[in-house]
Amino acid sequence: MTPGRHLQLEWAQYQGRDCLKISGWIEAELRELEKQDAGALSRRLALYPSEAVPQDEGWPVVPPVAGRFLIEGEAAWFVPRFPFVDGVSYSLLVRSASEADGAEAWDIRRPSSEGSATTEALVIYPTAAELPVNLLRVYVHFSAPMSEGWAARAITVSRADTGETLDDVFLPPEPELWDAERKRLTMLLDPGRIKRGLVPNLEFGYPLVEGTTVRITIDPAFRDATGQPLRAGAERSYSIGPALRSRLDPHSWRLTAPAAGSREPLLVEFDRPLDHGLLQHCLSLQDGDGRTIEGAGEIGKGERIWGFAPDIPWTTGEYRLVVKPRLEDVAGNTPVRVFDRDVTKAEDAPGEWEAVTVNFSCTRASQRRFQLDH
């Protein structure tokens, strides 16, 4: 601890925002901090949820609370990227200038909010029962906005047969990948361990193990935006199969055309599970003249079926399914490139970055053969 000073932490308003004010610095130390740029300042100061701070006074391995430090007047301020979580204790870690004396920890707790837990982890994607060993990402959907800083602690992957926790399956979430509403979290598996020939793959292998069953668990301790734990967590198990290393081929998909005059959905059956997040935005319909068909798309069971219901009835004639080139399967393969490609194979070389179209026609006779299941 720096002699001659005792830091005081308090919640205060800075430019109309709820921030953390840190005062009590000695003059020389404060002047030194004023000279630091944002990067250097973030190496000297960091804010963490207290439960993430090791007891041995070491630096936590999880990312700090997202935000920035600044010096103004006689105080340092932490301006968070997202609101603080009520009821949670935070620890300010202060490194010495030499970084040789470890770190001091100063604690403060947010006031608890009233109310009971109402937020749930709704679903984990993919929902397919079997996934390739080179799975690239996982999505978790919540019923309400969530807090940052909990993903690395509250999401675990374990073997279903032994219960053994699998470490380092996901990339460290720095920062966590939330959608604009903070209801959908994207967790990336380490691409360096997925792509053959890279050092992480050669040294550690794939994050998952082919031939095993793994379980992804969302702990109810994950906090929502109000600071409350989840009313219910979530869990999903997957059988891990062989690696998937081939381009998407939309022309191999099975299309079941609706009857003209109806508003039944066009049904598209894929040959593999596709990425849920991208599947919502990468398929569209056009008529024979290239006009976009307005309607609603819906993803079916295991992300292997997609249905599209038009706003107005189909007419007799030609249509086309338009597939954007950025659509991926769960292993990151697209219609134009293989994510983990073999550079010695000419067929794996990236193609032109353009949409793929699949033609179909509507007649008065329905071709219905399968349903959009969930």
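The residues lining the second largest cavity divide into four nonpolar, one polar and two charged. In this predicted model, that cavity holds about 40 Å³ of space. Its lining takes residues from both domain 2 (121–241) and domain 3 (250–371), so the cavity lies between these domains.

**Cavities**

- Two cavities of 30 Å³ or more are found when the whole structure is searched.
- The second largest cavity is lined by Pro-126, Arg-137, Tyr-139, Leu-274, Asp-275, His-276 and Val-330.
- The largest cavity has a volume of about 50 Å³.
- The lining of the largest cavity consists of twelve nonpolar residues, with no polar and no charged ones.
- The residues around the largest cavity are Leu-131, Leu-135, Val-138, Val-157, Val-169, Phe-170, Leu-189, Leu-208, Val-214, Ile-216, Tyr-238 and Ile-240.
- At least two residues of the lining of the largest cavity come from each of strand E14 (213–218) and strand E15 (234–241).

**Largest pocket**

- The largest pocket contains about 360 Å³ of space.
- It is lined by 18 residues, and those closest to its centre are Ala-152, Asp-167, Asp-168, Val-169 and Phe-170.
- By class, 14 residues of the lining of the largest pocket are nonpolar, two are polar and two are charged.
- Helix H3 (151–154) and strand E11 (155–159) each contribute at least two residues to the lining of the largest pocket, and E11 gives the most, with three.
- Domain 1 (8–109) and domain 2 (121–241) each provide at least three residues of the lining of the largest pocket.

**Second largest pocket**

- The space in the second largest pocket amounts to about 310 Å³.
- Of the 22 residues that line the second largest pocket, Pro-64, Val-65, Ala-66, Glu-148 and Gly-149 lie nearest its centre.
- The lining of the second largest pocket comprises 16 nonpolar, two polar and four charged residues.
- Because both domain 1 (8–109) and domain 2 (121–241) give residues to its lining, the second largest pocket lies between them.

**Domains**

- The protein is divided into three parts: domain 1 (8–109), domain 2 (121–241) and domain 3 (250–371).
- The centres of domain 1 and domain 2, taken over C-alpha atoms, are separated by 29 Å.
- Twelve residues from domain 1 and 13 residues from domain 2 take part in the contact between these two domains.

**Nonpolar cores**

- In soluble globular proteins, nonpolar side chains tend to be buried together.
- The largest nonpolar core has 56 residues, and those with the most contacts inside it are Phe-142, Ile-155, Ile-218 and Phe-222.
- At least three residues of this core come from each of domain 1 (8–109) and domain 2 (121–241).
- A second, separate core has 27 residues, including Leu-274, Leu-285, Ile-299 and Val-358.
- Leu-274, a member of the second core, is also one of the residues lining the second largest cavity.
- With neighbours within four places in sequence left aside, Phe-222 is in contact with a set of residues that includes Phe-142, Met-146, Trp-150, Ile-155, Trp-178 and Leu-185.

How values were computed
Residues are numbered from 1 along each chain as its sequence is written. This is a predicted model: local features need pLDDT of at least 70, side-chain atom pairs count only at pLDDT 80 or more; totals for chains, interfaces and linings use all residues. Side-chain values use heavy atoms; hydrogens and water are left out. On a 1 Å grid over the protein atoms alone, a cavity is a set of points where a 1.4 Å probe fits but cannot get out, and a pocket is an open set with protein on both sides within 12 Å along at least five of seven lines; lining residues have an atom within 4 Å of a point. Grid points are joined across faces, edges and corners, and a volume is the space filled by probe spheres set on the points. Helices (H or I, at least four residues) and strands (E, at least two) are DSSP runs, numbered from the N terminus. Ala, Val, Leu, Ile, Met, Phe, Trp, Tyr, Cys and Pro count as nonpolar, Asp, Glu, Lys and Arg as charged, and the others, Gly among them, as polar. Domain bounds come from an automatic or database domain assignment. A nonpolar core is a set of buried Ala, Val, Leu, Ile, Met, Phe, Trp, Tyr and Cys residues joined through side-chain atoms within 4.5 Å. Buried means under 20% relative accessible area, exposed over 50%, partly exposed in between (1.4 Å probe, protein chains only). Contact means heavy atoms within 4.5 Å.
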